[in-house]
Amino acid sequence: MASSPPCVLDEEYYWELIKFSAEDHVFRVPKHRFMTDSETFATAHGLGFTSLASEDDFSAENPLLDAIHLDVTAHEFRVFLKALYPKQLQGELTLSTDEWFIVLKLSTNWLFNELRKLAIEKLSPLAGVSSFEQVHLGEEFNVEAWLLSGYRQLVKRDPPITIEEAEKLGWQNAIKLCALREGWTKHIRSESNWRSAPEPYDLNADLKSAFSEKFEAIREAQPLYITTEERLAIQQERELAEKEAKDAAERMTQEERTLAEREADRARLELAAAAGRARVEELAKELEEHKRLLEALDCDMSIADTLLHEASNRQSGSSSLPDEESDLRIGKVKKGKKGKK
C-alpha cells in the first residue's frame, strides 16, 4: 500500500480541539482561545501548545476521556462558549441580560478580561436593577461605577433606609448612608432657598470617602482585569515616559556640558586678560625706563655738542668766551643733567 504524501500542519489554522466537562455534558471546542485569552485559565488547567489530541480521544465510546472538568453548570459554560465562539460572523453579539451576567461571572473568575470588559459594557448602566443589587454586583465583580451608582441611589431616594435594608447592607454601612442622606437633604433644601446660594456639594467624593475601603479594594483588584489592549497601551505609555525621561536626561547632560565649556572658556579668558594686564604693566615699566634712558642720552648729547663747539672755537681762535666761562657753562649743563636724573 502506498504511503501518504508528506504534509505540513499549518501553524495558524490547524487548530487543536479540547474537551471540557460540565455536570454530565461534554464540550469539544477549539483550544486556541482558551490559551490566548487567559493565561491564568490555561495555567490552572494545565493547557499547553505542544500536545495534540488524537481522534481516538474524542470517541463516543468514552467521551469523558481526557476531558477537563469545570465546576460550573452546563448551561453556564454553554453561554460562555456562545460569547467566546459566536456562531454568527457578522453583526453584534446578542445575549440576554441573564446570559451577559453569566459571561461576566465566568470571565471574572477565569480572567478572560476582554470578555469581562465586553460584558460590563453590555450590562451598564444596569437598567432595572435595584440599588441594593447594584451595590452587591459592584462589590462582587469589582466594578466601581456600579457600586457608586447603587450608593447614590440609596442616598438620593425619598424613602428612608429600612431595618431590613440596613441588615442587608450592614449596620455600619447603613449608618454612613443615613449621614450622607442627611447631608444630601440639606443640600437640596439650600438649592430651593432662593435667598442664599447653595454650597457646592460633591456626593461622589463623599461616597468614596465614606466607603474608601470598598473603593480602594476595587482599585487594587483592577490590575487583574487588564486587557491585552490596555496592557499594550500601558506599555507604550511607559516606553514613551522612559524615552521622554531619557531625552530630558540627555538634554540636561548636554546643558551641563555646555555650561562647563562656557565656564572653562570664561576661566581661560580671565587668565588671558590677567596675563595681558601683567604684560601691559611690564611694557609700561619698560617704556618708562627707555624714556629715562632717552632723556639721559639727550642730556649727554647736549654736553657733547657744547664741548665740541667749545673745542672748535679754541682751535680756530675765534672763541669769544674765556676758558673759565666755557668751563662754567659746561658745569651748568652737567649740573642740569644731574638734576633731571
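Student: A polar contact is a pair of N or O atoms within 3.5 Å; within protein, one must be able to donate a hydrogen and the other to accept it, and residues adjacent in sequence count only if both atoms are side-chain atoms. Which backbone atom lies 3.0 Å from a polar atom of the Ser38 side chain?

Tutor: The backbone nitrogen of Phe41 does. This is a predicted model, in which local features need pLDDT of at least 70 and side-chain atom pairs count only at pLDDT 80 or more, while totals for chains, interfaces and linings use all residues. Residues are numbered from 1 along each chain as its sequence is written, and side-chain values use heavy atoms, with hydrogens and water left out.

Student: Where is Ser38, and is it buried or exposed?

Tutor: Ser38 is in the loop between helix 1 and helix 2; helices (H or I, at least four residues) and strands (E, at least two) are DSSP runs, numbered from the N terminus. Its relative accessible area is 1%, so Ser38 counts as buried. Buried means under 20% relative accessible area, exposed over 50%, and partly exposed in between, with a 1.4 Å probe and protein chains only.

Student: What does Ser38 touch beyond four places in sequence?

Tutor: Ser38 is in contact (heavy atoms within 4.5 Å) with Arg33, Trp110, Leu111 and Phe112.

Student: Leu111 is in that list. What is its phi?

Tutor: Phi of Leu111 is near 60 degrees, a positive value in a residue other than glycine. Leu111 sits in the loop between helix 4 and helix 5 and is buried at 15% relative accessibility. Asn142 also has a positive phi, near 55 degrees. Asn142 belongs to the loop between helix 6 and helix 7 (144–156), and at 16% relative accessibility Asn142 is buried.

Student: Which peptide bond is cis?

Tutor: The bond joining Ser124 and Pro125 is cis, with omega about 10 degrees. Pro125 is in the loop between helix 5 and helix 6.

Student: Changing topic: how many aromatic pairs are there?

Tutor: The structure holds 19. Rings of Phe, Tyr and Trp (its six-membered ring) pair if their centres lie within 6.5 Å; planes under 30 degrees apart count as stacked, over 60 as edge-to-face and the rest as tilted. The Phe20 and Phe41 rings have centres 5.9 Å apart and planes at 55 degrees, so this pair is tilted.

Student: Why does that pair tie together separate parts of the sequence?

Tutor: Because Phe20 lies in strand 1 and Phe41 in helix 2, the pair ties together parts that are 21 residues apart in sequence. Phe20 is buried at a relative accessible area of 0%, and Phe41 is buried at 1%. Another tilted pair is formed by Phe34 and Phe77, 6.3 Å centre to centre with 35 degrees between the planes. That pair links helix 1, which holds Phe34, with helix 3, which holds Phe77, across 43 residues.

Student: Which residues make up the cluster linked by ring pairs?

Tutor: The cluster consists of Phe20, Phe27, Phe34, Phe41, Phe77, Phe80, Tyr85, Trp110 and Phe112.

Student: And in the largest nonpolar core, which residues touch the most other members?

Tutor: A nonpolar core is a set of buried Ala, Val, Leu, Ile, Met, Phe, Trp, Tyr and Cys residues joined through side-chain atoms within 4.5 Å. Phe20, Phe34, Phe77, Phe80, Trp110 and Trp146 touch the most other members among the 41 residues. Elements giving two or more residues to this core include strand 1 (17–22), helix 3 (74–84) and helix 4 (97–110). Apart from this core lies another, of 19 residues, including Phe132 and Leu169.

Student: What does Ala22 contact outside its sequence neighbourhood?

Tutor: Beyond four places in sequence, Ala22 is in contact with Phe27, Leu70, Val72, Thr73, Ala74 and Phe77. Ala22 belongs to strand 1 and is buried, with a relative accessible area of 0%. The C-alpha atoms of Ala22 and His75 are separated by 8.6 Å, although these residues are 53 apart along the chain.

Student: Finally, what is the average pLDDT?

Tutor: The average pLDDT, the predictor's confidence in each residue from 0 to 100, is 86, and 86% of the residues score at least 70. Over residues 52–56 the pLDDT is below 50, and this stretch has six contacts in the model beyond near neighbours in sequence. Where pLDDT is low, the predicted coordinates should not be read in detail.
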